[in-house]
Amino acid sequence: MIKSIIKSFVYIFVFLSLICVTSIKQANASDSRVLRIKAAMEPPRILEGHLKMGNPSGPDGTSYGVNSLYFTRNGKPWLPVMGEIHYARVPNQYWEDSVLAMKAGGIDIIATYVFWIFHEEIQGRYKWDGDCDLRRFVELCHKHDVPVWIRIGPWCHGEARNGGFPDWLSKVCKPRSMDPAYFEQVQRWYTAVAEQVKGLYHKDGGPVIGIQFDNEFGHVGGRGGEPYILKCKQIALGLGMDVPYYSVTGWGGAWVPRDEVLPVQGSYVDPFWAAGTDQLPPFNELLFSDLISLVINTNVASDMVTSRIKQKRWRYDPSRYPFATAELGGGMHHKILRRPVLESRDTEAMALCRLGEGANMIGYYMYHGCSQPLGRTGRLVEGDMPLVSYDFQAPLQEFGKTNTSYYALKRLHQFIQDFGRDLAQMTPTLPEEKPEAADPSLLRYALRSKEWQGFLFFNNHQRYLNMPARENVQFAVTFAEDELLFPEEPVTIPSKSLGILPVNLPVADATLVYATAQPLMRWRDGQVTRLIISRLPGIKTQFKFTGIKGPVIENGQIRRMTTQNGAKIEILLLSEEDSLNTWKINIAGRRHMALCPIELWQKGDSLKFRTCQSAPAVLRIYPATEQKFFYQGIPIAPQRAGEFSVYALPIRKLPQVSVTFQANTEIPAADSNYPFRKEDAPPKAWRIRFGRIDWNLVSDVLVCFEYIGDTARLYLNGSLVADNFWSKTDWEVGIKRWKKELAEPDAELVLVISPWQKGQEVFVQKRLDVTEDLTAKLLGIKALSEQTFILESR
């Protein structure tokens with residue numbers, strides 16, 4: 001009797017619990033905010049065979065192509081990621097590390113300007129050696145299987161003096177015009193470039209797959225219209241510069257001869273070239289928009305565009321070309337009156353917005369910061385900017401070190417590399433209610449889809465605007481007559497959050513209907529399809545699959561399942577922190593993913609690491625492998641931890657480098673020519689001394705100067721080697737490039753700081769709180785050793 005009563009109570013409790021849970025779910029659903037968007041009803045019209053590009057095929061059978069919607073590689077859709085580095089602005093002894101770091105960051109194509117003034121500063125006297133050795137740089141890219149897109153001018157801009165034109169050019173012709181004398185010089189210049197890359201085009205088995213002519217022609221100056229671009233192409237073709245892709249910049253009033261070249265686009269957040277010293281309003285570049293708006297409303301080079309050009313902006317039919325970008329701001333440079341400091345989230349959100357609105361090539365300017373070279377006639381730099389630094393707050397900074405944006409963008413690039421083939425064929429759509437940049441009330445989101453499959457992009461970040469958290473959010477995606485409402489349980493999208501959500505994603509022969517987590521990687525590994533997904537901070541992770549048979553087996557981070565047809569699926573769910581530390585590697589011809597908290601580059605069959613830490617760290621490789629690595633001949637065997645192989649990394653305890661400074665040092669004579677000195681604000685100087693540095697034990701020493709002032713610069717033995725416009729307290733400099741000079745007993749390194757003037761007109765995001773009329777202070781110096789090491793496989 002008592003057992004029956006207890007049993008009845010249990011049944012009643014379970015029944016009431018189910019009613020309560022159901023009621024809570026229904027209440028949550030009824031209280032949710034449903035954000036609606038329609039998938040594209042019809043596929044876009046794709047034009048094929050109309051674009052007059054060069055030879056698409058290489059000797060090994062690899063081919064590159066393009067149609068009006070996307071690029072192709074070996075006949076299949078390809079969504080490449082391109083990153084800009086200027087070889088002649090980076091010491092050549094570090095080029096290989098730069099290429100390796102760019103490739104590890106997910107860069108598929110390296111783009112580089114070939115600045116005319118750097119190579120023929122004095123008429124008829126070419127320089128193609130040292131840091132100007134274009135051929136060696138391209139060969140290094142080829143060594144590491146990275147294609148190259150050379151931007152050969154004649155005019156480049158890139159904050160070079162005269163935009164890259166030699167000083168003498170304007171004395172012998174009318175540059176950027178149809179003047180025959182000008183094109184005689186262009187013929188000479190292109191001939192010199194062609195000689196350097198001879199045999200390195202893709203058709204020859206080399207890495208050069210693209211060439212850009214001029215820059216912003218028709219948007220920023222230039223006379224001659226389309227015939228000018230056609231003449232540049234004609235000269236290049238006559239010199240055998242035969243490549244799969246020819247391009248021009250396509251924003252604003254650019255001239256784009258029909259079907260002869262590909263227009264590539266740009267997008268920057270908080271441009272340094274904007275007028276005035278006030279904070280700028282929130283940026284359209286952090287909205288999902290469309291290609292036409294991006295081109296017509298561009299802020300690129302807005303300081304150099306004439307009103308006449310502004311009235312004549314649309315000069316080509318964008319439906320004939322893929323939406324390709326070459327200049328997404330990888331950061332932002334500084335000029336004397338504007339010094340914005342970008343967050344990693346600014347750069348990541350801008351790239352995500354361009355991808356979500358339909359971009360089928362993601363290209364960055366700059367991806368790797370660098371330094372302005374010293375020529376025979378002085379620094380080859382445009383005015384109003386640092387004489388040396390061209391750091392650009394890029395993912396890889398001036399001295400080759402990673403910025404926080406490097407890791408966030410690497411995660412996005414990993415997604416593109418594994419899902420880009422699908423994404424390239426998808427059509428973008430926007431919601432009916434579109435926000436303005438200054439309106440925080442609406443979440444920014446977009447959909448790219450094809451038939452029933454797609455990816456939903458969202459961005460809840462806007463620079464200079466407090467974006468609130470969005471509570472109880474669900475998305476409703478309409479495919480023809482059907483609507484997919486997800487997730488089942490509404491979620492909160494935190495402020496500053498962004499991400500990519502899969503919609504009806506094929507995984508083996510099953511379907512991931514939705515997930516509130518971001519796909520990172522997907523590959524077939526024997527009989528198993530592996531899917532790596534990252535949690536989104538503050539958003540509850542939810543999945544829904546169809547086509548699955550039997551239970552889902554959970555084991556820590558791993559989810560295993562079998563499809564109705566017997567295919568095996570393994571899902572690895574990563575934390576946000578782990579997702580930033582993922583690296584794509586190959587071991588013995590098999591694909592793996594590495595989780596490593598320090599930098600990791602694949603160099604052939606070996607793994608190269610770089611870090612400033614001395615604390616122990618481990619390398620985790622998924623799926624597990626029995627591969628042994630060797631460090632200086634000593635074997636390192638893995639330990640098994642679930643589906644991972646774990647290796648203890650041979651991190652050495654780094655030596656501490658002492659650094660001292662002495663105030664009231666004599667100011668180097670060369671500083672009298674520094675253009676940003678002010679007579680009423682005399683600078684101060686400090687002599688910097690380092691203790692013994694054993695360069696056999698360290699790969700670099702990063703020196704952080706904490707200072708207050710307007711500008712700072714470093715002089716080594718009287719010559720200017722680095723400079724900085726104050727925008728934040730810390731200025732970091734890597735000194736390995738001067739290790740030979742610093743090793744001399746009479747080496748003299750002097751820091752000069754010009755004072756900050758109270759109330760001075762300049763845009764900085766956090767103004768200095770100073771009480772004195774003139775403030776120049778060195779608050780401290782820290783030196784941090786760096787090490788690199790290689791694990792070899794045999």
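A residue is called buried when its relative accessible area is under 20%. By this criterion, Phe486 and Tyr514 are both buried in the predicted model described here. The rings of these two residues form a stacked pair, because their centres are 5.4 Å apart and their planes meet at 25°. Phe486 belongs to strand β21 (residues 482-493) and Tyr514 to strand β23 (residues 510-515), so the pair ties together parts of the chain that are 28 residues apart in sequence.

The protein chain as a whole contains 13 helices and 48 strands. Its radius of gyration is 28 Å, which agrees with the value near 28 Å that a compact globule of 794 residues would have. Along the principal axes, the C-alpha atoms fill a box of roughly 105 × 60 × 60 Å. Of the 794 residues, 61% count as buried. When contacts between residues at least 6 apart in sequence are considered, 74% of them join residues at least 24 apart.

Aromatic rings were examined next. A pair of such rings is described by the distance of the centres and the angle of the planes. The count for this model is 49 aromatic pairs. One of them joins Phe71 and Tyr245 in an edge-to-face arrangement, with 5.2 Å from centre to centre and 85° between the planes. Phe71 is in strand β3 (residues 71-73) and Tyr245 is in strand β9 (residues 245-249), so that this pair links distant parts of the chain, 174 residues apart. Phe71 and Tyr245 are both buried. Ring pairs also connect a cluster whose members include Trp116, Tyr126, Trp128, Phe165 and Trp168. Tyr182, Phe183, Trp189, Phe217 and Tyr228 are also among the residues of this cluster.

Lys410 lies over the face of Trp583, and here the distance to the ring centre is 4.1 Å.

Two strand residues were examined individually. Leu456 is located in strand β19 (residues 453-459). Its relative accessibility is 0%, and Leu456 therefore counts as buried. Beyond its neighbours within four places in sequence, Leu456 is in contact with several residues, among them Ile37, Phe475, Val477, Phe486 and Leu501. Gly276, in comparison, is 180 residues from Leu456 in sequence and 38 Å from it in space, C-alpha to C-alpha.

Thr429 is located in strand β17 (residues 427-429). With a relative accessible area of 16%, Thr429 is buried. A polar atom of the Thr429 side chain lies 2.8 Å from the backbone oxygen of Lys38. Not counting residues up to four places away in sequence, Thr429 touches Ile37, Lys38, Ala39, Ala40, Ala446 and Leu447.

Helix α2 (residues 95-104) is mostly covered, with 9 of its 10 residues buried. The buried residues include Trp95, Val99, Leu100 and Met102, and also Glu96 and Asp97. Helix α2 is followed by Gly106, which has a positive phi near 95°.

How values were computed: Residues are numbered from 1 along each chain as its sequence is written. This is a predicted model: local features need pLDDT of at least 70, side-chain atom pairs count only at pLDDT 80 or more; totals for chains, interfaces and linings use all residues. Side-chain values use heavy atoms; hydrogens and water are left out. Helices (H or I, at least four residues) and strands (E, at least two) are DSSP runs, numbered from the N terminus. Buried means under 20% relative accessible area, exposed over 50%, partly exposed in between (1.4 Å probe, protein chains only). A polar contact is a pair of N or O atoms within 3.5 Å; within protein, one must be able to donate a hydrogen and the other to accept it, and residues adjacent in sequence count only if both atoms are side-chain atoms. Contact means heavy atoms within 4.5 Å. Rings of Phe, Tyr and Trp (its six-membered ring) pair if their centres lie within 6.5 Å; planes under 30 degrees apart count as stacked, over 60 as edge-to-face and the rest as tilted. A charge sits over a ring if NZ of Lys or CZ of Arg is within 6 Å of the ring centre and within 35 degrees of the ring normal. The radius of gyration is taken over C-alpha atoms; the globule rule is 2.2 Å times the number of residues to the power 0.38.
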